[in-house]
Amino acid sequence: MKKLLAPLLLVLFSQCKQKAAPPAPVYPVPHERQVAWQELEFYGFVHFNMNTFSDREWGFGDEKPEQFNPTALDARQWARIAKEAGMKGLIITAKHHDGFVLWPSAYTEHSVKNSPWRDGKGDLIQEFVDACREYGLKVGIYYSPWDRNHPDYGKPEYISYMRNQLTELLTNYGEIFEVWFDGANGGTGWYGGANEERKVDKLTYYDWENTHALVRELQPNAMLFSDAGPDVRWVGNEHGFAYETTWSNLMRDSVYAGMPEYSEKWASGQENGTHWVPAESDVSIRPGWYYHAYEDHKVKTLPQLMEIFYKSIGRNSSLLINFPVDTRGLIHENDEEAILKMAAKIKEDFQTNLAIEAAISSSADRGYGYEASRVIDGDYETYWTLSDGAGPKANLELDFGKEVSFNRLLLQEYTPLGQRVKAFTLEAEINGSWEKIASGTTVGYKRILRFPDVSTQKIRIAFEDGKDIPLISELGIYYAPKLLLPPLVEREKSGKLTLLSPDEGLEIRYSLDGLEPSELYTNPLEIQEASTLKVISIDPKTGENSDMLQKELEIAKAKWKTEDEKAIDENASSYATLSSSKIQVNLGEAVTLTGFTYLPMQARYPSGHITEFAFRISQDGKNWTEVASGEFDNVVNSPIEQEIRFDAISAKWIELEAIKTADGNPATLAEIGVLTR
């Protein structure tokens, strides 16, 4: 009898514990391919094409195939770096606006097949695909609908050409995870020698319905990207930032690729959007999308890259970071160093989920299979939710059993049943009462909140508003160690000096006398005289400090006057264009000079870099003495601050003359300065 009783009880127990039916979806909901794509989160762009060799961002279309000739191309290096950075795939610019293609297309001569690279027998798309597959990365294709080289662009015949090339790309290289259509369309171009402007109706010219149908037929699992989707949309900027409120829902029928008002009205999505079209945040690791040697010193810093991570993946968006591969055919060493530092910091920030060890409860749940514990089981397919009709308001409470410190909250909704949450708050129990720590609006696939360090035993996440009952798949509580880098130094023309911490909760210590930094920084400093600044960041919790930054500060420019103040405003982002070849500066008083500095224009599209110069001094602004002349070596490829020294001499006025500029255009300068020590 006992032998029969145990199985019977087990059957009865399992019947009592039958999982409740899942809630109804809140439309729109994602397609299976969109769910799979969202799980990738982080992947890379490779901008490498004719523009790499013409040193342009947008080629005109008149470039020659012979120009394309990388000296050490290694697609395996690209794939290795992407893999080590934690990326899940790579997308390559198979054809950019200039029309040059990276595979031996049967439909054009403007191709690698007519370049000296690999003796005209190379297929860069194949090498790229092979490298990605070797490293377990998914393969994506960028194809520009605009073609400034093709003679038929703007005519119906071009659409057949475009579809023929898409068929080659989507048939010959295996599975493609994303097809990326740029929104830049129509304008001036070479167009087979016509050298004219051609405008197209961006809404109708490409017959997107049938073009998309072709992609669907050839690559049914590929995501289609453009401003309008249909599968994934542009985030509306090139900073890599999604929005504080980012919906995956979009009024898709109201947008189209290249529409002028897209960024302002549609990019953040809409709560009442009709289709599921999630956001992709794209950004280059340098200012430009293509490689320019003059940007080797402008690779994004670790704080900048982490800000991008938290404002993209942390705001319900995927992240697409671009590598401008150089003329060798390699990802530059500076870019590799930067992206791997970012990968290490992300890993450090999310190493330990403190929530896993906590006791978790909820204000209510749907029953067996939907309990609060589902949000910390590490399985995205399980989730906590409420009974039908319960409304959007509910709480999750965690008790760590002891006081813990943390500064990150991660939430994920179960998006296959729609995006729901509209508002939530994080509270901590402090001295017996609940205090608000942070708040957010949308969650979507993933939301990460950053806030100052909190120490407590209990926390509560309150879901305050939504489109229906919440479905929370995962919850994470983390302590991200401080970003221990030296502070950023900013100085104004007045002499006001500001030190900016690389992370919240750090102390800044400094000195101005060349000794070890010991003074606690609290407010901006007024520094008029030449000084040696030494500065460090310190984590007061651990006592650890950053490397020390030493910066030589020169006399303040408060008394200086010149025709164009942008040349002396201490702002590297602004620049002066000289109306003549000279700039004269009144220093306001006699100063003993030992040299001068010239910071070239730092804009994205630089012009007028001074290559040959003469520098003169004066006591009255009328009678001038030349004290230095010569060249700024390699200023085009390395437009960093140039420093010229000479024997000490007193002056009240200085004059810099541009004898020659690199491109023959009027001389420009971001900043002129003096040396006094």
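Where does glutamate 570 lie? Glutamate 570 is found in the loop between strand S27 (561-562) and strand S28 (576-577). The model is predicted. The backbone at this site deserves a look, and so do several others.

Most residues other than glycine have a negative phi, and most peptide bonds are trans. Glutamate 570 is not glycine, yet its phi is positive, near 60°. Aspartate 55 also has a positive phi, about 60°, without being a glycine. Its place is the loop between helix H3 (50-54) and helix H4 (75-84).

How exposed are these two residues? Aspartate 55 has a relative accessible area of 40%, so it counts as partly exposed. Glutamate 570 stands at 28% relative accessibility, and therefore is partly exposed.

Two peptide bonds are cis. One joins tyrosine 27 and proline 28, with omega about 5°. Proline 28 sits in the loop between helix H1 (2-16) and helix H2 (32-38). The other runs from glycine 229 to proline 230, where omega is near 15°. Proline 230 belongs to the loop between strand S7 (223-226) and strand S8 (232-234).

| Site | Backbone feature | Value |
|---|---|---|
| Tyrosine 27 to proline 28 | cis peptide bond | omega about 5° |
| Glycine 229 to proline 230 | cis peptide bond | omega near 15° |
| Aspartate 55 | positive phi | phi about 60° |
| Glutamate 570 | positive phi | phi near 60° |

Strand S1 covers residues 42-47 and is mostly covered, with six of its six residues buried.

**Nonpolar cores**

The largest nonpolar core has 80 residues. Phe68, Trp78, Ile125, Ile321, Ile339 and Met342 touch the most other members. Helix H6 (residues 156-171) supplies the largest share of this core, seven residues.

Methionine 342 can be followed in more detail. Beyond its neighbours within four places in sequence, methionine 342 is in contact with Phe42, Leu302, Leu305, Met306, Phe309, Leu319 and Ile321.

Is lysine 446 buried or exposed? Its relative accessible area is 14%, under the 20% cut-off, so lysine 446 is buried. This lysine is found in the loop between strand S17 (433-440) and strand S18 (447-466). Which residues surround lysine 446? Leaving aside neighbours within four places in sequence, its contacts are Glu41, Ile313, Gly314, Arg315, Asn316, Leu410, Leu411 and Gln412.

Serine 160 lies in helix H6. The relative accessible area of serine 160 is 45%, so this residue is partly exposed. How far is serine 160 from glutamate 427? The two are 267 residues apart in sequence, and their C-alpha atoms are 58 Å apart in space.

Note on methods. Residues are numbered from 1 along each chain as its sequence is written. This is a predicted model: local features need pLDDT of at least 70, side-chain atom pairs count only at pLDDT 80 or more; totals for chains, interfaces and linings use all residues. Side-chain values use heavy atoms; hydrogens and water are left out. Buried means under 20% relative accessible area, exposed over 50%, partly exposed in between (1.4 Å probe, protein chains only). Helices (H or I, at least four residues) and strands (E, at least two) are DSSP runs, numbered from the N terminus. A nonpolar core is a set of buried Ala, Val, Leu, Ile, Met, Phe, Trp, Tyr and Cys residues joined through side-chain atoms within 4.5 Å. Contact means heavy atoms within 4.5 Å.
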